[in-house]
Amino acid sequence: MSRIEKVDAVFKTCDRIWINANLATFDSHVEQPYGALSNQAIGVRDGRIVAIAPMERFASDVVSADVIDACGNWMTPGLVDAHSHLVFAGSRAREFEQRLEGASYEEIARNGGGIISTVRATRAASVEELVELSEPRLQALMKEGVTSVEIKSGYGLSLEDELKMLRAARILGERNPVRVSTSLLAAHALPPEFADDADGYIDLICNEIIPTAAEERLADAVDVFCETIAFSPAQCERVFRAAQAHGLGIRAHVEQLSNLHGAALAARYGAWSVDHLEWLDEAGIEAMAETGTVATLLPGAFYFLRDTKVPPIELLRKHRVPMAVATDLNPGSSPLASIRLALNMACTLFRLTPEEALAGATRNGAKALGLADSVGQLRLGMQADMVLWDIEQPAELAYQFGVNPIRQRILSGEVCNV
């Protein structure tokens, strides 16, 4: 059987086929910018990509599947938002006003604001109320092409309330055509009841919250905030050990406000990603490069907090550390429910190229969630999570925001526009 005949045989088995598509595959084996393949047919069976071939090798008379004409438009992997805190209750818009009026973060916190205000509101909400409040935020991401999203806890800060947040995240994934990955971020801030006992709170996280979340399969990974205003490297290391003991992935907020060498610590424990990274040094980058840990960049927080110290992009490039780009959607420092704007900010504020930014929300975003073998690329065997865009070139996705050029959003081979 010739190669063309083999291609025809595979297409015969497909459930759905897109033809006349330009593919930005982000397959590292395709040696073109964006992993681009022009004028292709791509076939799906049982939710996975099983055939990709140039149109001259595709014989339409040999297939009986549903055939969709892409009309020369571009198809990318479904976008991946690899860092979000989108499950929460309450609003901190007044704090935004107060900061612009000159109030410091410390003054706002002393008056009952800051993260603890979100904790109070989230603790007061039921699971169903959290789902109802959070679903519009999730759907805003989906409307921009997101097919996989990470959702963190971290506004409960107790066994009951952290699990409540994770349950809400799981329900959001069940009710909406999107893949939800969950991270337990109990080590986000110190709850009021442990105000003078940070180690006691870490005991609670390691001995009760992590084991229960793992047993109930509510968390895919554990996250920490390793920072002078949050938890020390030694405390975070205890959390990493507990996560490993219960088979959970590791992620970390590190080097956002200072350099505590949290990135190197997390990398030693095989972290999927470390996030923020404005104060990251070369030693931390070298540790990440050795373990394949992803650098997740969060330009929304950089913008909203009016930061001035840019993450060390050139050093990350030098050591070939994969860079993800995510929204960091949260009520306090990045109320950003737009992955497209995050891509633009990554280019304008951090000087990523459009190709790097889009790789950050596809292939590298998937790697940051431990999903590199299933989503984030258009190649054989991957989940058929894809977006068909009415654009002339992939750079448009990072260049423009506010106008939605989506023609189709596809999850496991099914068209499922929000």
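Tutor: In this predicted model, helices are DSSP runs of H or I with at least four residues, numbered from the N terminus.

Student: Which helices each supply at least two residues of the lining of the second largest pocket?

Tutor: The second largest pocket has a volume of about 370 Å³. Of the 18 residues that line it, those closest to its centre include Glu355, Glu356 and Ala359. At least two lining residues each come from H12 (313-318), H14 (354-360) and H15 (363-368).

Student: Which helix gives the most to the lining of the second largest pocket?

Tutor: H14 spans 354-360 and is among the helices that supply at least two lining residues each. With three residues, the top contributor is H14.

Student: What volume does the largest pocket have?

Tutor: Rolling a probe the size of a water molecule over the atoms shows where empty space is left. For the largest pocket, the volume is about 1000 Å³.

Student: Which residues are closest to the centre of the largest pocket?

Tutor: The lining of the largest pocket has 22 nonpolar, 10 polar and seven charged residues. H11 gives the most to this lining, with four residues. Of the 39 lining residues, the closest to the centre are Tyr105, Phe225, Ile229, Leu257 and Ser333.

Note on methods:
Residues numbered from 1 in each chain as written. Predicted model: local features only at pLDDT ≥ 70, side-chain atom pairs only at ≥ 80, totals over all residues. Heavy atoms only, no water. 1 Å grid on protein atoms, 1.4 Å probe; cavity = no way out; pocket = protein on both sides within 12 Å on 5 of 7 lines; lining within 4 Å. Points joined across faces, edges and corners; volume = space filled by probe spheres on them. Nonpolar A, V, L, I, M, F, W, Y, C, P; charged D, E, K, R; others polar.
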